Amino acid sequence: KQGQDITIREQIGKEENIPIDQIESKGFLEKWSELKDTHDFYPLLRKFKAGRTDALRLAEGKFTTKVNNKTVRTMLNLASEDEVPIMVFVGNPGMIQIHSGPVITIRESGNWLNILDAGFNLHLRQDHIADSWIVEKPTEDGTVTSLELFDEKGESIATFFGARKPGKPELESWRTVIRQVKSEEAIQK
């Protein structure tokens, strides 16, 4: 018989990472270039004991581009205007929630950036974003691009992709959104 009480026995442990200057960057970047699936990225981080934001810094200019923390607002507005379906991953130590589909209603209220759609709500504290990166990963289906947001501790806040299924290439409409975001970034610098 299943009880109604929940007993928490232990916390999920954090992975041990080595300092960025101790990561064997040449080998790490070579293995990154050989990725076949986006799901292979986490095991790659573990193999090199690299924290995610350290990995993005090591790959800057090759697989990653550091962008302004307001880029997420630009990206969401472009995806909404052009009806580009996206995937959003938001997690905590116990789980990851995923939304896949279009975003329509984007509203800002103070520090909050909100998606207020009938089937999906997201409330993002923009002032908690410390780092934003455009990340490219090679796969058997072509390059897959994400916009990744991190807090001041290097913890993931949210990751955005163009909606896609394994075995299918990334949506050209998503690539267009990313090109526009990068173009606006270059103008602002």
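**Close-up views of the predicted model**

**Figure 1. Glu83, an exposed loop residue.** Glu83 has a relative accessible area of 66% and is therefore exposed (exposed means over 50% relative accessible area, buried under 20%, partly exposed in between, with a 1.4 Å probe and protein chains only). The residue lies in the loop between α4 and β2 (helices are DSSP runs of H or I with at least four residues, strands runs of E with at least two, numbered from the N terminus). Although Glu83 is not a glycine, its phi is positive, near 55°. Most residues other than glycine have a negative phi. This is a predicted model, in which local features need pLDDT of at least 70 and side-chain atom pairs count only at pLDDT 80 or more, while totals for chains, interfaces and linings use all residues. Residues are numbered from 1 along each chain as its sequence is written, and side-chain values use heavy atoms, without hydrogens and water.

**Figure 2. Lys49, a partly exposed loop residue.** Lys49 counts as partly exposed because its relative accessibility is 45%. The loop that holds Lys49 runs between α2 (41-48) and α3 (52-58). Here too phi is positive, near 55° for Lys49.

**Figure 3. The largest nonpolar core.** This core has 27 residues, of which Val72, Met75, Leu76, Leu149 and Phe160 touch the most other members (a nonpolar core is a set of buried Ala, Val, Leu, Ile, Met, Phe, Trp, Tyr and Cys residues joined through side-chain atoms within 4.5 Å). Its largest share, 5 residues, comes from α4.

**Figure 4. Surroundings of Leu76.** Leaving aside residues up to four places away in sequence, Leu76 touches Ile86, Val103, Ile106, Leu113, Ile115 and Phe160 (contact means heavy atoms within 4.5 Å).
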